[in-house]
Amino acid sequence: MGIIIGLIVAALAGWIVGRIMNMRLGLIWNIILGLAGGVVGNIILFVLGMSSWGFIGNLIVSVIGAFIVVWIVNLVIRHMNR
């Protein structure tokens with residue numbers, strides 16, 4: 001996948017997760033969240049012996065991974081505030 005398409009997928013995945021989780025993030029944070037989600041999602045697929053293909057497949061993997069990233073960050077923040 002080209003770098004531009006990868007950034008578009010990352011930004012879109014970050015935006016989707018931001019909307020569902022009611023987070024107001026800018027474009028840069030959406031891209032960062034989507035990239036982190038893509039990495040996490042692909043690691044999980046690799047461990048499960050699976051892979052994704054195409055724009056939609058990569059978007060789904062990035063969104064699922066971004067949800068996991070947000071969940072972990074929220075757990076860490078809650079733990080630090082105790």
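## Overall fold

The chain's secondary structure consists of three helices and zero strands. Helices here are DSSP runs of H or I with at least four residues, strands are E runs of at least two, and both are numbered from the N terminus. Read from the N terminus, the order of elements is α-α-α. The chain has a radius of gyration of 13 Å, close to the 12 Å of the globule rule for 82 residues, so it is as compact as a globular protein of that length. That radius is taken over C-alpha atoms, and the globule rule is 2.2 Å times the number of residues to the power 0.38.

This is a predicted model, in which local features need pLDDT of at least 70, side-chain atom pairs count only at pLDDT 80 or more, and totals for chains, interfaces and linings use all residues. Residues are numbered from 1 along each chain as its sequence is written, and side-chain values use heavy atoms, with hydrogens and water left out.

## Size, surface and contacts

The C-alpha trace spans about 40 × 30 × 20 Å along its principal axes. The accessible surface of the chain is about 5,700 Å², and carbon and sulfur atoms hold 76% of that. Accessible areas come from the Shrake-Rupley method with a 1.4 Å probe; for residues, only the protein chains shown count as cover.

Of the 82 residues, 32% count as buried. Buried means under 20% relative accessible area, exposed means over 50%, and partly exposed lies in between (1.4 Å probe, protein chains only). Among contacts in the chain with a separation of 6 or more, 65% involve residues 24 or more positions apart. A contact means heavy atoms within 4.5 Å.

## The nonpolar core

The largest nonpolar core has nine residues: Val-9, Ala-13, Val-17, Leu-33, Leu-59, Val-63, Ala-66, Val-69 and Val-70. The elements giving two or more residues to this core are α1 (3-20) and α3 (54-80), and α3 provides the largest share, five residues. Such a core is a set of buried Ala, Val, Leu, Ile, Met, Phe, Trp, Tyr and Cys residues joined through side-chain atoms within 4.5 Å. In soluble globular proteins, nonpolar side chains tend to be buried together.

Apart from its neighbours within four places in sequence, Val-69 touches Leu-33, Ala-36, Gly-37 and Val-40.

## How the helices pack

Helix α2 covers residues 27-48, and its axis lies 7 Å from that of α1 at an angle of about 100°. α1 is therefore roughly perpendicular to α2. On the α1 side the contact includes Leu-7, Trp-15 and Val-17, while the α2 side includes Leu-27, Asn-30 and Ile-31. Axes are lines fitted to C-alpha atoms, for helices over the stretch in contact, and angles run from 0 to 180 degrees between N-to-C directions.

The axes of α2 and α3 cross at roughly 105° and come within 6 Å. This makes α2 roughly perpendicular to α3. Several glycines of α2 take part, including Gly-34, Gly-37, Gly-38 and Gly-41, and the α3 residues in the contact include Ser-62, Gly-65 and Ile-68. Angles of 65 to 115 degrees count as roughly perpendicular, under 35 as roughly parallel, over 145 as roughly antiparallel, and the rest as oblique.

## Individual residues in α3

Ser-62 belongs to helix α3 and is buried, with a relative accessible area of 6%. Beyond its neighbours within four places in sequence, Ser-62 is in contact with Val-9, Ala-13, Gly-34, Gly-37 and Gly-38.

Ile-60 is also placed in helix α3, but its relative accessibility of 46% counts as partly exposed. Ile-60 and Val-9 are 51 residues apart in sequence, with their C-alpha atoms 9.4 Å apart in space.

## Residues in the loops

Asn-22 sits in the loop between α1 and α2. Asn-22 has a positive phi of about 60° although it is not a glycine, and at 57% relative accessibility it counts as exposed.

Ser-52 lies in the loop between α2 and α3, and its 18% relative accessibility counts as buried. Its C-alpha atom is 8.1 Å from that of Asn-42, ten residues away along the chain. Leaving aside neighbours within four places in sequence, Ser-52 contacts Asn-42, Leu-45, Gly-57, Asn-58 and Val-61.
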